[in-house]
Amino acid sequence: ALLAFARRRSVAGVAAAAAFFAASVLTATSAVADETPDTAKPAAPQGTPQAHGWLSKWPIDDKDPKSHIPTEAQRDADPLEFGYWLQDLALKADLASKKGDHPASIRYWAALAMAVPDRAIALTRACDEYEAMGDRDSAISACGAALLRDGLMVKDYAHYVQLLLGKPGTLKPEEIASLGEVLAHMKEDPAGRDAAVELECEVGTRTNNVGQLQECTTALAASAPNDPKTLTYQWALAMQRGQTDEARRLLQQAKEAGIQPEAADRMQRAVSAQSLGRWRVALITLGGSAVV
């Protein structure tokens, strides 16, 4: 299809189409990497692999892939070759990840992000590699940068949200604002609307946002009133409002719905602590603090 397009369009247009085409097939390289031994030569969808074992005649600098990105003139002169080069780069990144060499994989994805700056896939894959290394801050940065590019899927938005929610300590105001913007964008997309509702409950629970919890639990209760997750988020809302009796009722309902015992124990301890706290306040008000 790309070759047929080349017969009808200008060279510059073909270069852009090749970049788009190559970037769009990068997600398929994971399966190739899983099935291809390290010593095997990947088969080209068109043409024949080069003598060095890869699809493109343009070599990749493994130590610094960003230093040898094909120029615009090279891409325009041979857009299909540029597509092969991108596939080689993505396959190298996947193979490095498979070996556990996450820093190397990140170098390849960083080069690919520079070569195709309008697509999100390279940054989302770099985000995965940072997370695998335990570098949450860099993962958040990469996933956040990907949100500004084309080609995102619902799971990419959800991944960014989960990374931020998993940060220890109190979230910064700008991080909370970023979460709100992502959720708003997901709600506007029919494909992401359902996922956004549950994520909003997670964000509301993490940030003590009663308004978000009210909105998301209302939506969840309408679609799945007896689901353990719905009941858990309703319990969180009751706790935020200080409605201990309601929280206790929802906890019992969640247990009957099959909530995990460990989660039920944590919720029970939270209810008991809140109840005890309110009891102490009442005693102090009545002048009975010495009894506590």
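Let's start with a pair of side chains: Glu200 and Lys187 form a salt bridge, their closest N and O atoms lying 2.9 Å apart. This pair ties together distant parts of the chain, with Glu200 in helix H11 (residues 193–207) and Lys187 in helix H10 (residues 173–188), 13 residues apart. Please keep in mind that the model is predicted.

**More on the Glu200 pair**
- Glu200 counts as buried, at 5% relative accessibility, whereas Lys187 is partly exposed at 26%.
- Glu215 joins Lys187 and Glu200 in a network of salt bridges.
- Across the whole structure, a search finds 10 salt bridges.

- Asp245 and Arg248 meet through their side chains in a salt bridge of 3.1 Å, N to O.
- Both of these residues, Asp245 and Arg248, belong to helix H14 (residues 244–257) and sit three residues apart, about one turn of the helix.
- Asp245 is exposed, with a relative accessible area of 63%, while Arg248 is partly exposed at 35%.
- Glu246 and Arg249 form a salt bridge too, at 2.7 Å from N to O.
- Glu246 and Arg249 are separated by about one helical turn because they are three residues apart in helix H14.
- Glu246 is partly exposed at 29%, and Arg249 is partly exposed at 43%.

**How confident is the prediction?**
- The protein chain has a mean pLDDT of 83, and 77% of its residues reach 70 or more.
- Where pLDDT is low, the predicted coordinates should not be read in detail.

Terms used:
Residues are numbered from 1 along each chain as its sequence is written. This is a predicted model: local features need pLDDT of at least 70, side-chain atom pairs count only at pLDDT 80 or more; totals for chains, interfaces and linings use all residues. Side-chain values use heavy atoms; hydrogens and water are left out. pLDDT is the predictor's confidence in each residue, from 0 to 100. A salt bridge is a side-chain nitrogen of Lys or Arg within 4 Å of a carboxyl oxygen of Asp or Glu. Helices (H or I, at least four residues) and strands (E, at least two) are DSSP runs, numbered from the N terminus. Buried means under 20% relative accessible area, exposed over 50%, partly exposed in between (1.4 Å probe, protein chains only).
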